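Please look at the sequence and the structure shown here, and keep both in view while reading the paragraphs that follow.

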Amino acid sequence: MATQKEKDAADYLKKHKIIELMDNLTSMLLFHRPENPREFLVEELKKLKVSQQTGVKGPNLFNNFNLDAVLGILDPTNQKHISFAQYRHALTMLGIKYINECPEGVNEDRISHETFKTEAIQGLQSCSETYTNTEP
C-alpha cells in the first residue's frame, strides 16, 4: 500500500506532467544525440517555454516527412485513405493518448491522408505541450 508521501509524489508528477516531459526530453536527446546534452536540453526547455508563452509550435520529433512515411506503410497502393482501425493504431503507436474518435471519414471507414496528418500533428503537439494541465 502506498504511503501518503508516495501518493503526494505521484499526484505532483501527474499534475505537472513530469513523466511526459522527461519522456519527451529523453526521446529528443536520443534521437539527436548532441555533443553537449546539457546544453541541448536547456535549449529544448527554452523552446517549450517560448511555445507556452507565444502559442507557436513546440519541439517535436515527427514532421510531415515522417508522417508521409507512416502513410506509405499503411497505404502501400496509395489509395489516399486508410481505415479507421489503421488510423487509430498508427496514432496510438506514435504515442498519442487522446485520439479523435470521430475524424472526417470515419462513417465511410476512409480516413484521408490529410485528415490523418492533421490529427497526428495535433496529437503530437498536444503530447509535447507538457506545460499544460488540461486534456484535449
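How are α2 and α3 oriented to each other? This is a predicted model, in which local features need pLDDT of at least 70 and side-chain atom pairs count only at pLDDT 80 or more, while totals for chains, interfaces and linings use all residues. Residues are numbered from 1 along each chain as its sequence is written, and side-chain values use heavy atoms, with hydrogens and water left out.

Helices here are DSSP runs of H or I with at least four residues, numbered from the N terminus. The axes of helix α2 (residues 18-32) and α3 come within 11 Å and cross at roughly 130 degrees, where axes are lines fitted to C-alpha atoms over the stretch in contact and angles run from 0 to 180 degrees between N-to-C directions. The two helices α2 and α3 are therefore oblique to each other, a word for angles that are not under 35 degrees (roughly parallel), over 145 (roughly antiparallel) or 65 to 115 (roughly perpendicular). Where they meet, Leu21, Leu25, Met28, Leu29 and His32 in α2 are in contact with Pro37, Phe40, Leu41, Glu44, Leu45 and Leu48 in α3, contact meaning heavy atoms within 4.5 Å.

Turning to α3 by itself, Phe40, Glu44, Leu48 and Ser51 are buried, that is, under 20% relative accessible area, whereas exposed means over 50% (1.4 Å probe, protein chains only). They cover an arc of only 80 degrees around the axis, which puts them on the same side of α3, the arc being that of the directions from the helix axis to the C-beta atoms. On the other side of α3, Arg38, Gln53 and Thr54 are exposed.
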